[in-house]
Amino acid sequence: MEMSRFGLVLACSVLMVVMMMPSEVEAKRWTVGGNKGWTSNVNYTIWAQNVTFYKDDWLYIISALTSPPHISVFVYDRNQQNVLQVNKTDYESCNENNPIHSWTTGAGRDVVPLNVTKHYYFISGHGFCYGGMKLAVHVINPPPPPRAAPIKSDSAPSASFGLRSAMAFVAAWTCASQLF
């Protein structure tokens, strides 16, 4: 009985500490083309201009015909389309003959990690590139985490800190009520 009480106190303490920690920046998962997916007759240049790609983000390419946009993989008809990473010259000319990497797997389900800060160029071969199935992405380092502002003695705590504190208090109250 005493050991289970200790375990509950420990679990509650860990929960409170985690709730008080500031949130971190997480990598994002981008569905190429948004709700239109990976298909012809979409201007991916315009789509990419509205997105900031950071190192460790992920690209998901889906076919607009086969899956809803929240699916987290490239899904397309591998017998007709593919995903090729190429250099800038081959991107501009839709040359599929010398890809840097083929992201096309046997199943036609692919995910591209953006784990290096650089320009990435993707095309779909078999003539689909000429119909607009190409994407250029510039990946940059994420911004540094926000610095904590100095706390002045006459200023109130931030709303975020207040919310985390309130949630930690509720967790502590709930845990304490379980103990007694």
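Predicted model: local features only at pLDDT ≥ 70, side-chain atom pairs only at ≥ 80, totals over all residues.
Local features are taken at pLDDT of at least 70 and side-chain atom pairs only at pLDDT 80 or more, whereas totals for chains, interfaces and linings use all residues. Residues are numbered from 1 along each chain as its sequence is written, and side-chain values use heavy atoms, with hydrogens and water left out.

**Disulfide**

With a disulfide taken as a pair of cysteine sulfur atoms within 2.5 Å, the count is one. The bond joins Cys-94 to Cys-129, with an S to S distance of 2.1 Å. Cys-94 lies in the loop between α3 (88-93) and β6 (101-102), and Cys-129 in the loop between β8 (119-123) and β9 (134-140), so the pair ties together parts that are 35 residues apart in sequence. Helices (H or I, at least four residues) and strands (E, at least two) are DSSP runs, numbered from the N terminus. The torsion about the S-S bond of Cys-94 and Cys-129 is about -70°, so this disulfide is left-handed.

| Residue | Relative accessible area | Class |
|---|---|---|
| Cys-94 | 9% | buried |
| Cys-129 | 4% | buried |

**Sheet**

Five strands form an open sheet in the order β2-β9-β8-β5-β6, with mixed pairing. Two strands pair if DSSP finds at least two bridges between them. The edge strands, β2 (53-54) and β6, each pair on one side only. Strand β5 (residues 84-85) is antiparallel to β6, and two bridges link them. Within this pair, Leu-84 stands opposite Ser-102 in β6.

How values were computed. Buried < 20%, exposed > 50% of the residue type's maximum accessible area, 1.4 Å probe, protein only.
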